[in-house]
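Could you walk me through this structure in my viewer? I would like to know what to select next and what I will find there.

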Amino acid sequence: GRRLYKVGAMTQRTLVLLKPDAVKRGQVGEIIRRIEAKGYALVAVELRTATPEVLAEHYAEHEGKPFYQPLVDFMLSGPVVAIVLEGERCIEGFRSLAGATDPTAAAPGTVRGDLGRDWGLKVQQNLVHGSDSPESAEREIGIWFPAL
Ligand code: IDP
């Protein structure tokens, strides 16, 4: 029958951000606990404040969308935790842990579904970012961790 998943080594790295709402609400430990429980390795973990320059690069694909400026302002509203993870298929795996973009709709069991909610037309406050493809991961790791 049809394989449910690809067989063979596919070690990847992915860029994860714990957004300012995760830091403000004291959920950093809980989210990293879930990442470690899943079995991914932490390659880099850094608390830092984003800059407009870094966010313009990071969110370049969303420039011009109605939520772009609120998203950038939100991402500048406090420190974030920038993380690089490593493991087989960790790009898809972390996005599965994170859950759907809208925290109200995100499934229970996911970071956004368990820890997030709508705080009043602010879907951007969804706790985490995870790269969505190998190309995005390489690009985003280069933005946040140029030395890696
Ligand atoms: P993702 O983070 O689940 O991959 P994207 O579509 O890549 O979602 O959007 C990037 C981020 O922009 C989301 O995580 C969220 O913070 C914000 N965002 C996306 N869509 C909306 C929206 O309709 N309203 C407000 N913020 C949004």
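Predicted model: local features only at pLDDT ≥ 70, side-chain atom pairs only at ≥ 80, totals over all residues.

Now switch to a cartoon view. Along its principal axes, the C-alpha trace spans about 45 × 35 × 30 Å. If you display contacts with a separation of 6 or more, 71% of them join residues 24 or more positions apart.

Next, select helix H7, residues 134–144, and show the side chains of its buried residues: Ala137, Glu140 and Trp144. Look down the axis of H7: these buried residues fall within an arc of 75 degrees, so they line one face of the helix. What do the buried residues of H7 pack against? Select strand S1 (11–18), H3, strand S3 (80–88) and helix H5 (90–98), and you have their partners.

Stay with helix H3, which covers residues 52–58, and pick out Glu53. Is Glu53 buried or exposed? Glu53 is exposed, because 9 other C-beta atoms lie within 10 Å, and a residue counts as exposed at 12 or fewer.

For a last stop, draw a distance from the C-alpha atom of Glu53 to that of Ile143: the two are separated by 9.9 Å, although they sit 90 residues apart along the chain.

Technical notes. Residues numbered from 1 in each chain as written. Contact = placed C-beta atoms within 7 Å. Helix = DSSP H or I, 4+ residues; strand = E, 2+ residues; numbered from the N terminus. Buried ≥ 20, exposed ≤ 12 C-beta atoms within 10 Å, placed from the backbone. Arc of directions from axis to C-beta.
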